[in-house]
Amino acid sequence: MEQQALLQDLYNPEKFKELGHKLVDVLTQHLKDATASAKPTIKHKEPNEQFDYWDTYKSDRENPLQLFEDIIDNSIHLHNPKYIGHQVGATAPISALADLMNALLNNGMAVYEMGETSSTLERIIMNVFKEHIGYASNADGFLTSGGTLATLTSILAARKIKAPSNVWEEGNKEQLAIMVSEQAHYCVERATRIMGFGNKGVIKVPVNDKFIMDTSLLPALLAKAKEEGKTVIAVVGSAPSTSTGMHDDLESIANFCEKENLWFHVDGAHGGAAVFSKKYKLLLKGIEKADSVVIDLHKMLLTSNLASVVLFKNEMHGYATFNQEASYLWEESEDPEWFNLAKRTFECSKNMMATRFFVLWKLYGTTVFEAFVNQVYDASKVFAILLENTPNFELALQPETNIICFRYTQEKLSLAELNTLNKTIRRKLLEKGDFYIVQTELKGITYLRCTVMNAFTNEAIFKELLSEIKAIASTL
Ligand SMILES: *Cc1c(COP(=O)(O)O)cnc(C)c1O
């Protein structure tokens with residue numbers, strides 16, 4: 001095709017409509033099949049085999065639907081209630097439709113005029129979160145691309161406010177450090193290393209037998225850090241930590257930070273969603289004292305990847321980090337300009353991610369978030385009881401959230417043999433592909449790990465999983 005004809009074809013609205021309708025039909029069937037567990041959750045291939053499949057894949061512009069169908073078929077299916085693996089959510093279909101709209105509109109977001117509606121929606125969403133966290137009216141924040149980036153954004157603000165020198169201008173002068181539980185998500189340590197804190201920049205606080213930060217150790221660890229010439233700027237609380245789903249004692253960390261004039265950050269990427277649940281909100285007691293809070297929308301709040309809330313108790317702290325000139329984007333101004341989002345975000349161009357949440361909230365209210373959190377947290381309690389009452393299964397600890405760690409046991413096996421057995425079981429489950437679960441290691445013990453991320457994962461499915469594990473174990 002000649003150049004103009006090719007581009008006309010690419011942007012042809014009628015072709016979009018035709019394929020779009022067919023694709024929605026295919027996705028609808030996918031949703032039905034997945035919800036009914038009619039197909040495997042995952043069609044696992046080894047990475048090189050997967051590479052060869054796609055590298056040699058032949059497609060036909062006359063039949064574009066086939067390409068889409070093959071991508072769907074070879075992807076992991078989070079809407080199957082037998083997906084009980086990592087903390088990635090089964091997108092609410094209506095939120096996925098907002099995504100399609102976002103992708104097509106593609107407003108840029110860096111400056112107000114490039115996303116007048118989507119920038120404003122972020123501010124409105126922040127008010128919803130402020131209210132549920134229990135922040136005062138001078139809190140504010142924005143959305144950014146994921147919990148990892150949100151954590152880095154927060155710790156940069158902590159550095160700006162708490163470090164003795166201006167690192168943004170002068171580079172690192174002091175040995176700065178933060179304190180965080182040894183069970184925290186790796187993104188916290190990664191943030192400090194990106195910021196040049198180095199090996200000495202993370203003081204890992206040991207956990208107690210519930211796998212939460214032993215806060216009684218904080219004063220001694222801080223004194224030791226000072227002796228070693230470190231300047232501690234912040235303590236990070238996990239709400240909850242990723243492996244076990246257990247919440248640090250936020251109240252106690254808040255008190256320590258207040259006394260020692262440290263920044264208190266809460267990583268609520270996963271469990272921050274419980275601010276919407278009257279039943280489970282108590283797990284987050286103290287979150288309203290945090291200087292900054294991160295909550296992922298794409299984990300427990302029914303949106304697609306990636307969209308994370310970063311909120312600052314003092315809204316001005318959100319503006320402190322990137323006080324950098326960019327005269328081609330905005331005019332010099334004393335007004336913080338909430339509407340020019342790139343003044344506060346890492347991103348320059350950014351997805352119109354607010355709509356993913358906004359459509360859910362506007363159409364269903366916060367009760368839909370409460371319903372989801374309650375559903376999956378309650379389901380894990382059901383699973384825990386089942387595990388306690390089924391021979392050969394051992395629960396690592398009582399779940400506080402929708403994350404459950406357990407293992408299969410057999411008499412007369414050593415720890416090493418049991419670890420291998422559980423790893424093998426997990427591998428066989430993956431190869432079979434009906435269920436998808438993961439594994440973790442806690443104090444040298446290998447556990448199978450489930451996160452209930454699907455509203456329709458119920459007791460019958462947990463029973464089936466345990467039968468399947470038993471069946472696999474009997475063949476080993
Ligand atoms: C998932 C998670 C993160 C990382 O967030 P992303 O959105 O995946 O970048 C950080 N902390 C905790 C506790 C998490 O569960």
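A word on the model before we start: it is a predicted one, where local features need pLDDT of at least 70, side-chain atom pairs count only at pLDDT 80 or more, and totals for chains, interfaces and linings use all residues. Residues are numbered from 1 along each chain as its sequence is written, and side-chain values use heavy atoms, with hydrogens and water left out.

Let's begin with the ligand. Which residues are closest to the ligand? Gly147, Thr148, Asp267, Asp296 and Lys299 are, out of 14 residues that surround the ligand; to count, a residue needs a heavy atom within 4 Å of the molecule. That shell divides into three nonpolar, eight polar and three charged residues. In this scheme Ala, Val, Leu, Ile, Met, Phe, Trp, Tyr, Cys and Pro are nonpolar, Asp, Glu, Lys and Arg are charged, and the others, Gly among them, are polar. Two helices, α7 and α12 (297–300), each supply at least two residues of the shell; helices here are DSSP runs of H or I with at least four residues, numbered from the N terminus.

Now the polar contacts, meaning pairs of N or O atoms within 3.5 Å. A side-chain N or O atom of Asp267 is 2.6 Å from a nitrogen atom of the ligand. On the oxygen side, a polar side-chain atom of Asp296 lies 2.8 Å from a ligand oxygen, and for His298 the distance to an oxygen atom of the ligand is 2.9 Å. The protein buries 88% of the 380 Å² that the ligand exposes when taken alone, with areas from the Shrake-Rupley method and a 1.4 Å probe.

A cavity is a set of points on a 1 Å grid over the protein atoms alone where a 1.4 Å probe fits but cannot get out, and lining residues have an atom within 4 Å of a point. How many cavities of 30 Å³ or more are there? The structure holds two, and each volume is the space filled by probe spheres set on the points, which are joined across faces, edges and corners.

Definitions and conventions. On a 1 Å grid over the protein atoms alone, a cavity is a set of points where a 1.4 Å probe fits but cannot get out, and a pocket is an open set with protein on both sides within 12 Å along at least five of seven lines; lining residues have an atom within 4 Å of a point. A polar contact is a pair of N or O atoms within 3.5 Å; within protein, one must be able to donate a hydrogen and the other to accept it, and residues adjacent in sequence count only if both atoms are side-chain atoms.
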